[in-house]
Amino acid sequence: MTDTTTRRYTRERERDEEEDEQTADEELVCPECGGKLASDSEHGETVCKECGLVVEEDEIDPGPEWRAFDSKEKDEKSRVGAPTTNMMHDKGLSTNIGWQDKDAYGNALSSRQREKMQRLRTWNERFRTRDSKERNLKQALGEIDRMASALGLPENVRETASVIYRRALDEDLLPGRSIEGVATSSLYAAARQAGTPRSLDEIATVSRVEKDEIARTYRYVVRELNLEIQPADPESYVPRFASDLDLAEEVERRARQLLQNAKQKGVHSGKSPVGLAAAAVYAASLLTNDKVTQSEVSEVANISEVTIRNRYHELLEAEDSVPGL
């Protein structure tokens, strides 16, 4: 670059800077009286100090939505990045390198860059799971997330299941039991605690362990961790069964009524809540003339048709014996 070109470039840059400063000064001056402008953060307005003209209104406040009265409180309330979560073994505090071999603009990386990124992913994975406990947690929480997705369970159930598994790991309950078994039992317990239970058969269909092992591990985990889990309410299964069978709201309401009558007569005691709920949905569909077959209900509830027939008769007998019906 020649001296002449350098001088020309310097003059143009100085001229641009002067124009920017002049524009900024004009923006800070009242267009009516030329007075100074002030920002009113409480009302989100920019007003003139001299004549009171409102130059701008409804301004966006880029600051935080919380208030702090000292530096300590400000540091406590300040937050950056995604919130921590128990659903990840490191609580989401570590860096995660994506699997796509593309840059920030969506362009494909060169072969040398792809090799570099693969090495970075390998070392990042090694640092994220530095000991056996973290590797254990990563595998278990991945299983919980997979099964919860297959069963359609909400995020709060997954979070609770992750906390239960962490407690089991801290209490040293895993020796002699499989990671998958304890993870499945934690999810089963969390679903029951949240009032969105799934039957053992449903849990077993998405788990990598057998039904007997799930039941055995579940009883052990609940006993050792002193979890307070109420017996499953048959009514909690009704909305899901009715939805899967595409039945009307009247059928669901009638099924709930059948189950409430059965509770009054004590018919539900010692019976499977899933079987009672399935039989109630089947009986309600017949009573409301929105019929479904026993095989359809059996497939949705994952129980035998014999169980549905037995519970069906018991529910109708209980309703006939309730006074006022």
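Q: How should I read the way helix H11 passes helix H12: is that crossing left-handed or right-handed?
A: A crossing is called left-handed if the near helix is turned anticlockwise from the far one by less than a right angle, and right-handed if it is turned clockwise. Here H11 passes H12 in a right-handed crossing. Before going further, keep in mind that this is a predicted model, in which local features need pLDDT of at least 70 and side-chain atom pairs count only at pLDDT 80 or more, while totals for chains, interfaces and linings use all residues. Residues are numbered from 1 along each chain as its sequence is written, and side-chain values use heavy atoms, with hydrogens and water left out.

Q: At what angle do the axes of H11 and H12 cross, and which residues meet there?
A: Axes are lines fitted to C-alpha atoms, for helices over the stretch in contact, and angles run from 0 to 180 degrees between N-to-C directions. The axes of H11 (residues 273-287) and H12 (residues 294-301) come within 10 Å and cross at roughly 145°. With contact taken as heavy atoms within 4.5 Å, Val-274, Ala-278 and Tyr-282 of H11 meet Gln-294, Val-297 and Ala-301 of H12.

Q: What is the phi of Asn-289, and where is the place of this residue?
A: Asn-289 has a phi near 60°, which is a positive value in a residue other than glycine, and it sits in the loop between H11 and H12. Accessibility is read on a scale where buried means under 20% relative accessible area, exposed over 50% and partly exposed in between (1.4 Å probe, protein chains only). Asn-289, with a relative accessible area of 64%, is exposed. Asn-302 also has a positive phi near 60° and is likewise not a glycine; its place is in the loop between H12 and helix H13 (305-320), and at 34% relative accessibility Asn-302 counts as partly exposed.

Q: At what angle do H6 and H8 pack?
A: Helix H6 (residues 179-193) and helix H8 (residues 211-225) pack at about 70°, with their axes 8 Å apart, which makes H6 roughly perpendicular to H8. This crossing is right-handed, and among the residues that meet are Val-182, Tyr-188 and Arg-192 in H6 and Ile-214, Tyr-218 and Val-221 in H8.

Q: In what order do the strands form the sheet?
A: Strands of a sheet pair through backbone hydrogen bonds, either parallel or antiparallel. Helices (H or I, at least four residues) and strands (E, at least two) are DSSP runs, numbered from the N terminus, and two strands pair if DSSP finds at least two bridges between them. In this model three strands form an open sheet in the order E1-E2-E3, with antiparallel pairing. The edge strands, each pairing on one side only, are E1 (37-40) and E3 (54-56), and the twist averages 35° from one strand to the next. E1 and E2 (residues 45-48) pair over four bridges, and Val-47 in E2 is the bridge partner of Ala-38.

Q: Where is the place of Lys-36, and which residues does it touch?
A: Lys-36 lies in the loop between helix H1 (3-27) and E1, and at 62% relative accessibility it counts as exposed. Leaving aside residues up to four places away in sequence, Lys-36 touches Leu-28, Val-47, Cys-48, Lys-49 and Glu-50. Lys-36 and Cys-48 are twelve residues apart in sequence and 5.9 Å apart in space, C-alpha to C-alpha.

Q: How many disulfides does the structure hold?
A: A disulfide is a covalent bond between the sulfur atoms of two cysteines, and the cut-off here is a pair of cysteine sulfur atoms within 2.5 Å. The structure holds zero disulfides. The cysteine sulfur closest to that of Cys-33 is in Cys-48, 3.5 Å away and too far for a bond. Cys-51 is in no disulfide either, as the nearest cysteine sulfur, that of Cys-33, is 3.7 Å away. Cys-33 is partly exposed at a relative accessible area of 42%, and Cys-51 is partly exposed at 43%.

Conventions
Angles under 35 degrees count as roughly parallel, over 145 as roughly antiparallel, 65 to 115 as roughly perpendicular and the rest as oblique.
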